[in-house]
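Dear colleague,

Please find the structure below, together with its sequence. My notes on what was found in it follow directly after.

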Amino acid sequence: PWAGALGDRMDRRHVLIASDLTAAVAFVGIAFAHSLPLLAALAGVSAVAEAPFAPSSQAFLVMLVPEDRRTWATATRASSASAGMLMGGVLGGLIVSAFGGTVAFLLNASSFVLSATLVSQIKGRYRAAPSAETRDRGVFEGFRLVLARPALLLTLVTISVSLLGNGLVNVAEYPLFSSLGGGSAAYGAAVSGFALGGFISGR
């Protein structure tokens, strides 16, 4: 709830920049972490830091793009994200194989800094204007709306189950590739295959 609320209550451009830079710091820490509890804690920090980015960027896109171009912009954003995962999977696997995980995580951190730099080039204020017709009913109003509509509730449950399954698979994928004789490059290629499907569907 708080991740979406940040973009509704603050300047969305600032939320995106802060999200990127905080995630970058977390990944620099991950690059040099040699303790499993510390690694897990920093991964948690990065997840929390990245959480506001998606809802704020989606709402930011609506503020930037005229309505007649919005469908195109949304599809382009989705396919671009998949293209980034596609390239990141291949490059990440090769970099880990050639230079190790530390270099890969540092490059990942630098990608967040680059993202923040690009967003900072967009000038202006992008804070949602409060509606004069309705009062703010709090962060959990969205939950009440979803729970009251069967189609939205079914969508929420379905996505939640899907994410749970993805989380279990993500943890198991790399050990599986290792047991089959593959390494980081093979794992990166598999991630890229997943991203390729997202890129095609986005286009």
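**Findings**

Leaving aside neighbours within four places in sequence, Ala49 is in contact with Ser19, Thr22 and Ala23, where contact means heavy atoms within 4.5 Å. The model is a predicted one, in which local features need pLDDT of at least 70 and side-chain atom pairs count only at pLDDT 80 or more, while totals for chains, interfaces and linings use all residues. Residues are numbered from 1 along each chain as its sequence is written, and side-chain values use heavy atoms, with hydrogens and water left out.

**Overall architecture**

The secondary structure of the chain amounts to nine helices and zero strands; helices (H or I, at least four residues) and strands (E, at least two) are DSSP runs, numbered from the N terminus. Along its principal axes, the C-alpha trace spans about 60 × 40 × 35 Å. Of the 203 residues, 23% count as buried, that is, under 20% relative accessible area, with exposed meaning over 50% and partly exposed in between (1.4 Å probe, protein chains only). Among the contacts with a separation of 6 or more, 73% are between residues 24 or more positions apart.

**Nonpolar cores**

Ala49 also belongs to the largest nonpolar core, whose nine residues are Ala23, Ala24, Phe27, Ile30, Ala33, Leu42, Ala49, Ala109 and Phe112. Such a core is a set of buried Ala, Val, Leu, Ile, Met, Phe, Trp, Tyr and Cys residues joined through side-chain atoms within 4.5 Å. Helices α2, α3 and α6 each supply at least two residues of this core, and the largest share, four residues, comes from α2. Apart from this core lies another, of six residues, including Ile17, Ala116, Val119 and Tyr126.

The 21 residues of α2 should span 30 Å at 1.5 Å a residue, and its end C-alpha atoms are 31 Å apart, which agrees; the expected span is 1.5 Å times one less than the number of residues.

Ser46 lies in helix α3 (residues 36–50) and counts as buried at 6% relative accessibility. The side chain of Ser46 reaches the backbone oxygen of Ala43 at 2.7 Å. Not counting residues up to four places away in sequence, Ser46 touches Ala26, Phe27 and Ile30.

**Aromatic residues**

The structure holds four aromatic pairs. Rings of Phe, Tyr and Trp (its six-membered ring) pair if their centres lie within 6.5 Å; planes under 30 degrees apart count as stacked, over 60 as edge-to-face and the rest as tilted. The rings of Phe27 and Phe112 have centres 5.5 Å apart and planes at 15 degrees, so this pair is stacked. Because Phe27 lies in α2 (residues 12–32) and Phe112 in α6 (residues 101–120), the pair ties together parts that are 85 residues apart in sequence. Phe27 is buried at 10% relative accessibility, and Phe112 is buried at 14%. The pair of Phe140 and Phe143 is tilted, because the ring centres are 5.7 Å apart and the planes stand at 40 degrees. Phe27, Phe105 and Phe112 form one aromatic cluster.

With kind regards

How values were computed
Polar contact = N/O pair within 3.5 Å; in protein donor to acceptor, adjacent residues only side chain to side chain.
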